[in-house]
Amino acid sequence: MIFTSFLKNSSKLRRLVNISQIRLRSDLTEVTHTGQVWANEDYRNVRFTNARRWVNKNWGVKLAHQIEPIIASERVVYCDGDGPLGHPRQYICLDKPAKHWCHYCLKSFIKAQYADPGLRKESKK
């Protein structure tokens with residue numbers, strides 16, 4: 001019983017030593033796409049003692065919002081992902097004057113009367 005408690009305490013001390021070694025690294029302060037950032041003393045930082053923590057700066061949501069919206073004259077449009085490997089058909093109501101996104105593939109749609117004049121090319125849907 002005493003030996004097992006000694007082993008538990010020694011592993012805690014090893015963890016603290018490893019954390020103090022990586023405390024000042026700048027790659028551990030970057031926020032991930034899920035919003036994860038841990039305190040300097042957090043035990044989860046131990047896995048980055050011998051490797052750099054890589055954080056992808058190109059989040060999918062940011063890239064999807066850069067795509068030009070599809071302009072439609074109809075009140076209701078649908079998105080099926082285009083092609084045989086698409087997704088279930090989703091109907092999108094365009095009544096409100098804003099962009100509306102497909103929840104599967106993040107394509108954006110906007111009604112023609114609410115679109116900017118420079119984007120007035122009609123779509124096929």
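This report covers the fold, the sheet, the charged pairs and the aromatic contacts of one predicted protein model.

## Basis and confidence

The model is predicted, so local features need pLDDT of at least 70 and side-chain atom pairs count only at pLDDT 80 or more, while totals for chains, interfaces and linings use all residues. Residues are numbered from 1 along each chain as its sequence is written, and side-chain values use heavy atoms, with hydrogens and water left out.

pLDDT is the predictor's confidence in each residue, on a scale from 0 to 100. The protein averages 76. A score of at least 70 is reached by 73% of the residues. Confidence is lowest in helix α1 (residues 2-22), with a mean of 53. It is highest in strand β3 (residues 90-93), at 96. Where pLDDT is low, the predicted coordinates should not be read in detail.

## Overall layout

The protein holds two helices and five strands. Both kinds of element are DSSP runs, numbered from the N terminus: helices are H or I with at least four residues, strands are E with at least two. From the N terminus, the order is α-α-β-β-β-β-β.

Of the 125 residues, 26% are buried. Buried means under 20% relative accessible area, exposed means over 50%, and partly exposed lies in between (1.4 Å probe, protein chains only). A contact means heavy atoms within 4.5 Å. Among contacts with a separation of 6 or more, 45% join residues 24 or more positions apart.

## The three-stranded sheet

Three strands form an open sheet in the order β1-β5-β4, with mixed pairing. The edge strands are β1 (70-72) and β4 (100-101), and each pairs on one side only. Two strands count as paired if DSSP finds at least two bridges between them. Strands of a sheet pair through backbone hydrogen bonds, either parallel or antiparallel.

β1 and β5 (residues 108-111) run parallel, over three bridges. Ile70 stands opposite Phe109. Ile71 has Ile110 as its bridge partner.

Which way do the side chains of β5 point? Ser108 and Ile110 point one way, Phe109 and Lys111 the other, and all are buried.

## Salt bridges

Side chains of opposite charge can pair when their charged atoms come close. A salt bridge needs a side-chain nitrogen of Lys or Arg within 4 Å of a carboxyl oxygen of Asp or Glu. The count comes to three.

One joins Asp42 and Arg44, with the closest N and O atoms 2.7 Å apart. Asp42 is buried at 14% relative accessibility. Arg44 is partly exposed at 35%.

Another joins Arg75 and Asp95, at 2.9 Å from N to O. Arg75 sits in the loop between β1 and β2, and Asp95 in the loop between β3 and β4, so the pair links distant parts of the chain, 20 residues apart. Arg75 is partly exposed at 47%, and Asp95 is partly exposed at 32%.

Asp82 and Lys107 also meet, at 2.0 Å from N to O. Asp82 is partly exposed at 45%, and Lys107 is partly exposed at 21%.

## Rings and charges

A pair of aromatic rings is described by the distance of the centres and the angle of the planes. Rings of Phe, Tyr and Trp (its six-membered ring) pair if their centres lie within 6.5 Å; planes under 30 degrees apart are stacked, over 60 edge-to-face, and the rest tilted. The structure holds one such pair. The rings of Tyr78 and Tyr91 have centres 6.1 Å apart and planes at 55°, so the pair is tilted. Tyr78 lies in β2 (residues 76-79) and Tyr91 in β3, so the pair ties together parts 13 residues apart in sequence. Tyr78 is partly exposed at 29%, whereas Tyr91 is exposed at 54%.

Two rings also carry a charge over the face. The rule asks for NZ of Lys or CZ of Arg within 6 Å of the ring centre and within 35 degrees of the ring normal. Arg89 lies over Tyr78, at 4.0 Å from the ring centre. Arg44 lies over Tyr43, at 6.0 Å from the ring centre. Arg44 also forms the salt bridge with Asp42.
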